[in-house]
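Please look through the structure shown below before reading on.

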Amino acid sequence: MQNLPVYMDYHATTPVDARVLDAMMPFFSEHFGNAASLQHRFGWIAKESVDIARKKIADAINAQPKEIIFTSGATESNNCAVKGAAEANRSKGNHIITTQIEHSCVMESCRRLERNGFSVTYLPVDAFGNVSVDKLANAITDKTILVSVMTANNEIGTIQPVSTIGKMCAARGILFHTDATQAVGRLPIDVETMNIHLLSFSSHKMYGPKGIGALYIRSKNPRVAVTAQIDGAGHEYGMRSGTLNVAGIAGFGKAVQIAMEEMDVENERIFRLRNRLQEQLLKIGGATVNGNCAERLPNNLSVTFNGVNADQLMTEMNDVAVSAGSACTSEETGDIQYSRVLHAIGLDENAGKSTIRFGLGRFTTEEEVDYAANRIQSVVVQRREQTEVVYNEHQI
Ligand SMILES: *Cc1c(COP(=O)(O)O)cnc(C)c1O
């Protein structure tokens with residue numbers, strides 16, 4: 001039997017690939033220099049490794065190295081993109097358009113902008129999680145300065161029509177930001193052909209270390225103005241001060257390189273495993289798949305098991321690490337007690353609380369898929385039987 005628990009939460013984070021760890025190790029010890037210390041060899045070596053990583057990361061999305069800003073992760077990248085672009089373009093207007101299913105770091109950045117005098121449109125999505133390009137176009141006013149729509153959703157895997165949105169924004173002279181954290185390394189991304197102005201992503205979602213991410217800021221056609229959110233000694237072209245995380249950056253670069261080299265083969269394998277899991281789970285009955293089955297991340301599977309509480313299911317199935325639709329929203333002030341993404345695609349509270357997200361990845365095996373499917377089946381059937389008993393007792 002494989003190692004337990006089985007990890008199926010690759011949307012939350014991924015393990016560091018052994019090859020990535022190898023690439024990082026020297027920068028903790030012998031090559032410990034500060035990449036900004038350009039008076040000596042220690043600094044040069046650090047700077048060189050940062051340059052190499054920056055080039056690999058830029059290449060992966062068809063950008064220029066100088067258009068890549070290193071951050072602490074996608075949360076910071078999204079904050080910098082949304083708040084920084086809003087601040088820098090305030091004189092042109094104060095309206096921003098985003099969606100109801102963005103990651104909370106985009107959502108909360110927008111909420112803060114609202115408190116500071118901006119107005120934000122949160123576009124609804126359809127039952128598959130897709131934003132309507134027509135609705136987006138209709139929401140544009142002469143005050144609109146920024147559109148922020150994620151490339152692929154972290155809960156239901158739905159892929160948005162990013163190219164179409166990018167083209168429309170470019171034609172209207174509006175900045176287009178996309179949170180591509182779940183997409184880079186899994187889907188081909190090209191900031192040129194997709195007309196992207198700002199793009200956020202993170203190392204730890206693609207087998208790199210935590211605490212390092214990137215923000216792409218377009219430098220020409222047009223040159224995008226963003227106000228720095230972290231001031232200091234002027235690192236990263238003045239966009240993000242602070243001593244660079246050299247080991248993290250070296251690891252991120254290696255992780256991106258591996259993802260680019262292996263994406264096609266890896267996606268095919270994971271896609272097949274995901275479909276195998278989906279098939280087995282649907283056989284349980286009373287189960288539905290969420291998201292857009294055609295335009296969906298190959299590693300994503302969100303399933304609603306009717307009449308079964310997801311938190312209970314996860315407690316009883318603690319040898320399979322998955323995530324419930326109720327996660328991440330507990331601090332929210334609104335009255336929605338379950339995932340606002342599931343709410344946005346039309347699931348009611350019961351369905352939302354009966355939803356499990358599976359995220360497959362590089363180290364998922366067929367054996368693990370079958371194990372997870374069997375475990376879920378037995379727990380779901382058991383839970384339903386118990387609910388039935390309670391229900392019948394109430395009847396008496
Ligand atoms: C994980 C994730 C983030 C946050 O990334 P961090 O690097 O953990 O800050 C943002 N957006 C999406 C879509 C994510 O999946």
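Two residues are said to be in contact when heavy atoms of theirs lie within 4.5 Å. In this predicted model, and with neighbours within four places in sequence left aside, Phe 70 is in contact with Val 50, Arg 54, Ile 57, Ile 212, Gly 213, Glu 236, Arg 240, Leu 244, Ile 249 and Phe 252.

At least three residues of the core come from domain 1 (6–13 + 263–387), and at least three come from domain 2 (18–257).

**Thr 71 in its strand**

Thr 71 belongs to strand E2, which covers residues 68–71. Is Thr 71 buried or exposed? Thr 71 counts as buried because its relative accessible area is 3%, and the limit for buried is under 20%. When residues up to four places away in sequence are not counted, Thr 71 touches Glu 76, Ser 77, Gly 211, Ile 212, Gly 213, Ala 214, Leu 215 and Arg 240. With one of these residues, Ser 77, the side chain of Thr 71 makes a polar contact of 2.8 Å. Thr 71 and Met 239 are 168 residues apart in sequence, while their C-alpha atoms are 9.6 Å apart in space.

**The cysteines**

The count of disulfides in the model comes to 0. For Cys 110, which is in no disulfide, the nearest cysteine sulfur is that of Cys 105, at 10 Å, whereas a disulfide would need the two sulfur atoms to be within 2.5 Å. Cys 110 is buried, with a relative accessible area of 0%, while Cys 293 counts as partly exposed, at 48% relative accessibility.

**Around the ligand**

There are 14 residues around the ligand, and those that come nearest are Thr 75, Asp 179, Gln 182, Ser 202 and Lys 205.

| Residue | Ligand atom | Distance |
|---|---|---|
| Thr 75 | oxygen | 2.6 Å |
| Asp 179 | nitrogen | 2.7 Å |
| His 204 | oxygen | 2.8 Å |

Methods. Residues numbered from 1 in each chain as written. Predicted model: local features only at pLDDT ≥ 70, side-chain atom pairs only at ≥ 80, totals over all residues. Heavy atoms only, no water. Domains from an automatic or database assignment. Buried < 20%, exposed > 50% of the residue type's maximum accessible area, 1.4 Å probe, protein only. Helix = DSSP H or I, 4+ residues; strand = E, 2+ residues; numbered from the N terminus. Polar contact = N/O pair within 3.5 Å; in protein donor to acceptor, adjacent residues only side chain to side chain. Near = heavy atom within 4 Å.
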